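Subject: Structure handover

Hello,

Here is the structure you were expecting. My notes on it follow below.

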Amino acid sequence: MSQRILVVDDEESIVTLLQFNLEQAGFHVVTAMDGNTALQLAKNQQFDLVVLDLMIPEIDGLDVCKQMRLNKIMTPILMLTAKDDEFDKVLGLELGADDYMTKPFSPREVVARVRAILRRVGQVQTTQEVNQSDDTIIQIGEVEIFPDNYEVLYNKTPMELTPKEFELLLYLANHKGRVLTRDQLLNAVWNYEFVGDTRIVDVHISHLREKIEPNTKKPIYIKTIRGLGYKLEEPQLNG
């Protein structure tokens, strides 16, 4: 069965272009040209990925992304934006988008990016299936990671993580105590070169810290190693 892609953009020419190229690549494509329609489709149908433009009528792309995550719809989101403003890109990632592309773009690049995201999601699911009988639990301080169930507990309380946040935390945990560069994390979690833009890693690290660090200004789990990258370590308990 073909993987299902929801394409959301208010420019008919872009929708037509993306639909044609994605269908040529073997995907089944459903389209929407406003935020309300997109949100209803996302709530009522199963999709493997959403290509979501930032500037769409009724509800903009950021709000669609936010509402999807609030409704526990964790479908990967590739956000499109005509703006070069870093704030929009970072905010989109903060709200739960998995990736973004800036217009203008080539249809071939969009197809490649879609395949990369789906490939990564598929690899995570396959790994979970292989490990189903292992009952693996990774515990670091008050953080418990259940790879088989795609679940994380902090102080015995379930955490709401996006797919990319979970993958990043799991990768850090599997390399506990090792310093990992931003490029290493980018390539491992996003599974392709992100045109050297490691800001996406910093955003997700910041988001993870907000969820597991008692004090984000003095992190005890995810340490920044100045000039190198990040390291996840066992917290040092006082006394």
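K164 is where I start: this residue lies in helix α6, residues 163–174. Helices here are DSSP runs of H or I with at least four residues, strands are runs of E with at least two, and both are numbered from the N terminus. Please note that this is a predicted model, in which local features need pLDDT of at least 70 and side-chain atom pairs count only at pLDDT 80 or more, while totals for chains, interfaces and linings use all residues. Residues are numbered from 1 along each chain as its sequence is written, and side-chain values use heavy atoms, with hydrogens and water left out.

K164 has a relative accessible area of 3%, so it counts as buried (under 20%; exposed is over 50% and partly exposed in between, with a 1.4 Å probe and protein chains only). Apart from neighbours within four places in sequence, K164 is in contact with D98, R120, V189, W190 and H204, where contact means heavy atoms within 4.5 Å.

Y171 is partly exposed, at 22% relative accessible area. Leaving out neighbours within four places in sequence, Y171 is in contact with L180, L185, A188 and V189. Y171 and L232 are 61 residues apart in sequence, and their C-alpha atoms are 9.6 Å apart.

The next item is the loop that holds K103 and P104. K103 is placed in the loop between β5 and α5, and P104 is found in that loop, with β5 spanning 99–102 and α5 spanning 107–130. The peptide bond from K103 to P104 is cis, with omega near -5°. K103 is buried, at 14% relative accessibility. Its side chain makes polar contacts with the side chains of D9 (2.9 Å) and D53 (3.1 Å). Beyond four places in sequence, the residues in contact with K103 are D9, E11, I14, D53, L80, T81 and A82.

Two residues have backbone angles to note. N155 sits in the loop between β8 (151–154) and β9 (157–158), and K156 lies in the loop between β8 and β9. Neither is a glycine, yet phi is positive, at about 55° for N155 and about 70° for K156. N155 is partly exposed at 48% relative accessibility, whereas K156 is exposed at 59%.

Last, a helix pair. Helix α2 (residues 35–44) and helix α3 (residues 61–70) pack at an angle of about 20°, with their axes 10 Å apart. Axes are lines fitted to C-alpha atoms, for helices over the stretch in contact, and angles run from 0 to 180 degrees between N-to-C directions. That makes α2 roughly parallel to α3 (under 35 degrees; over 145 is roughly antiparallel, 65 to 115 roughly perpendicular and the rest oblique). G35, L39 and A42 of α2 make the contact with V64, Q67 and M68 of α3.

Regards

Note on methods. A polar contact is a pair of N or O atoms within 3.5 Å; within protein, one must be able to donate a hydrogen and the other to accept it, and residues adjacent in sequence count only if both atoms are side-chain atoms.
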